[in-house]
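Hi,

Here is the structure I promised to pass on.

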Amino acid sequence: MTVILAPRGKSRYDTGHPWVYKSDIAKMPEQAGLEDVQDVRGQHLGWAAVNPKSEITVRFINKGSARPNILQRLERAIAFRKFLHVNGDSFRVVHSDADGLPGLTIDKYADYLVVQQNCAALEPFLQDMLRVLKREYKLKGILGRFDSKIRTLEGLEAKVEVLFGDVPEWITCHEAEIAYRVDPWKGQKTGGFLDQRDNRIALAEVGFGRALDIFSYHASFGLHLAKVCDSVECIDSSAAALERAEDNARLNGLNNMIFTEANAFDWLHQTDTSERYHTISLDPPALAKARRDLDGAYRAYKELNLRALKLLEPGGFLGTTSCSFHVSEADFYVMLEDAAADAGRMVRILERRSQAACHPEVLNFPESRYLKFALLQVM
Ligand code: SAH
């Protein structure tokens, strides 16, 4: 059934953005599906994944006249990753709307895929997509992490299930010189944070001395740092993540790492600034989940960065991240400027980085640009 955008929806369409909200739609179908979309004058606008149950009701897949070929979209996403030079065996294969496949995330961890499918209109294509994936990659297993809340909101069943082969409790992945285990079944998101891959490698290129990995998860930054630093202390509030971090240290034969289960805010607050370090990674979870959280998030990011900068010796490096989409790149650097001033440190920016290219950033879709990573040096 044809979907009709209200004039405000059409204006949004004209900006090039793929999403139209429920309040900006004049006529919508009762069921979710892949539908053609028109404006109120009957002009054809394109094809979209449509779900009347979702606030983001229309997610454009193409703006042409032909019904989109979902399998071809997937093949294009796969072809794009083949062209990237990923330093390791693990990367994102599909990044949702940024690959023209709304709500679909597929991460590759060594010989396994972990799929999150949060779009009702794409659900009927799942089996065919699995066939394409098995043809393109030599796989031992595929796991469906269909357990996100969004699936329930989309009207889809929530479950975690093996979609192909066998999926073990741990998958061993490789990233530059490091091996690490992810937990595809219960780990955060699909098990790991592949968007930080190149930033981890970049920080290890300059890292030295006494290092800290704050918000370490399973020590993704820490493992790289332990190869080049004298010692690394990993701090995280999740005991399960730290248990895996210890395992990962053993897997790499690294015995210069220690693991501290703590609230990172408290830990930083309590640590005496005469305790000095040479390399710090600071990678908090998204502190601004919504626009209304921005003020509080700004203060929290500033507090973390200020304290981290105070702990660094002159010449020391800070790799600092914000993964909150709502914190703009401009705000992130203003916050860092503020933190440096309050810490009483002169700080040099070595690199302004973003997410790994397998998480593509699309100009028409600002939500696809979310990760800010600054490589800083205290002067
Ligand atoms: N640096 C990691 C990803 C970190 S994700 C990587 O590159 O893979 C954010 C981590 O912060 C999670 O492991 C979560 O357990 C932890 N976390 C969340 N709130 C925390 C807090 N208040 N104190 C310490 N750790 C926290």
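How many salt bridges does the rule find across the interface of domain 1 and domain 2? The answer is 1. Please keep in mind that this is a predicted model.

First, the layout. The protein is divided into domain 1 (3-63), domain 2 (70-171) and domain 3 (193-378). Between the C-alpha centres of domain 1 and domain 2 there are 25 Å. At their interface, 12 residues of domain 1 are in contact with 15 residues of domain 2. Together the two domains bury about 930 Å² between them, and carbon and sulfur atoms give 59% of that area. On the domain 1 side, the residues that lose the most area to domain 2 are Leu34, Arg59 and Ile61, together 48% of what that side buries. Arginine 59 also forms a salt bridge with aspartate 97, with the closest N and O atoms 2.8 Å apart.

Now to helix α10, residues 329-343. Its 15 residues reach 21 Å from the first C-alpha to the last, close to the 21 Å expected at 1.5 Å a residue. Buried in α10 are Phe332, Tyr333, Met335, Leu336, Ala339, Ala340 and Ala343. Seen down the axis, the buried residues of α10 fall within an arc of 155 degrees, so they line one face of the helix. Their cover includes α9 (294-311), β18 (312-322), β19 (347-353) and β20 (372-378). The face turned away from the buried side of α10 carries the exposed residues Ala330, Glu337 and Ala341. Just after α10, glycine 344 takes a positive phi of about 70 degrees.

Best wishes

Terms used. Residues are numbered from 1 along each chain as its sequence is written. This is a predicted model: local features need pLDDT of at least 70, side-chain atom pairs count only at pLDDT 80 or more; totals for chains, interfaces and linings use all residues. Side-chain values use heavy atoms; hydrogens and water are left out. Helices (H or I, at least four residues) and strands (E, at least two) are DSSP runs, numbered from the N terminus. The expected span of a helix is 1.5 Å times one less than its number of residues. Buried means under 20% relative accessible area, exposed over 50%, partly exposed in between (1.4 Å probe, protein chains only). The arc is that of the directions from the helix axis to the C-beta atoms. Contact means heavy atoms within 4.5 Å. Domain bounds come from an automatic or database domain assignment. Buried area is the accessible area (1.4 Å probe) that two parts lose on being put together, summed over both. A salt bridge is a side-chain nitrogen of Lys or Arg within 4 Å of a carboxyl oxygen of Asp or Glu.
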